Amino acid sequence: MRLTRRARPLAGPSLVSMIDVLMIMLIFFMVTSTFLNLRMMPLAQPGTQAAQAAGADSDSPAAPAAPLFVRLDAEGSAHLRGQPLDPVSLRAAMAETPERQVVILPSARAPLQALVSLTETLRAAGVRRLAIIRPEDAS
């Protein structure tokens with residue numbers, strides 16, 4: 001009687017080394033992605049190619065106006081150019097140039113209802129280009 005050995009199955013490539021490489025790549029991309037500032041607003045300076053391209057896309061031949069910054073303080077009152085404004089005077093100020101971009105800068109302690117009311121007031125004034133910049137967490 002002749003004894004034969006079973007044929008050993010061929011061993012596949014080791015997955016441990018591939019998993020190690022993937023983990024190193026994952027850590028690398030996680031570390032490098034923290035340097036990106038995703039909350040950054042791109043602003044085009046007058047005379048640059050981006051500003052000229054933005055001016056060419058708009059219907060008016062004039063350069064787009066700089067955005068208006070409306071600050072919302074912790075008490076819920078709106079400030080435009082450092083002056084506190086009530087909703088009626090804010091609506092009147094915004095009705096002059098409704099095509100201008102408005103950026104709301106709420107305080108970290110500003111009430112949410114005040115932010116919603118300010119947004120509704122600006123929309124009622126005809127503002128269509130509206131942005132809200134998220135405040136940093138207050139310590």
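Me: What do I need to know about the model and the numbering?
Reply: Residues are numbered from 1 along each chain as its sequence is written, and side-chain values use heavy atoms, with hydrogens and water left out. The model is predicted: local features need pLDDT of at least 70, side-chain atom pairs count only at pLDDT 80 or more, and totals for chains, interfaces and linings use all residues.

Me: How many residues are in the largest nonpolar core?
Reply: In soluble globular proteins, nonpolar side chains tend to be buried together. A nonpolar core is a set of buried Ala, Val, Leu, Ile, Met, Phe, Trp, Tyr and Cys residues joined through side-chain atoms within 4.5 Å. Buried means under 20% relative accessible area, exposed over 50%, partly exposed in between (1.4 Å probe, protein chains only). Here the largest core has 16 residues. Val-70, Leu-90 and Val-102 are among those with the most contacts inside it.

Me: Which element gives the most to this core?
Reply: Helices (H or I, at least four residues) and strands (E, at least two) are DSSP runs, numbered from the N terminus. Helix 4 gives the most, with four residues.

Me: What does Val-102 contact?
Reply: Contact means heavy atoms within 4.5 Å. Leaving aside neighbours within four places in sequence, Val-102 contacts residues including Leu-68, Val-70, Met-94 and Leu-122.

Me: Is Leu-85 buried or partly exposed?
Reply: Leu-85 lies in strand 3 (residues 83-85). Leu-85 is partly exposed, because its relative accessible area is 24%. Beyond four places in sequence, Leu-85 touches Ala-78, Leu-80 and Leu-90.

Me: Where is Met-18?
Reply: Met-18 sits in helix 1 (residues 15-33). Its relative accessible area is 44%, so Met-18 is partly exposed.
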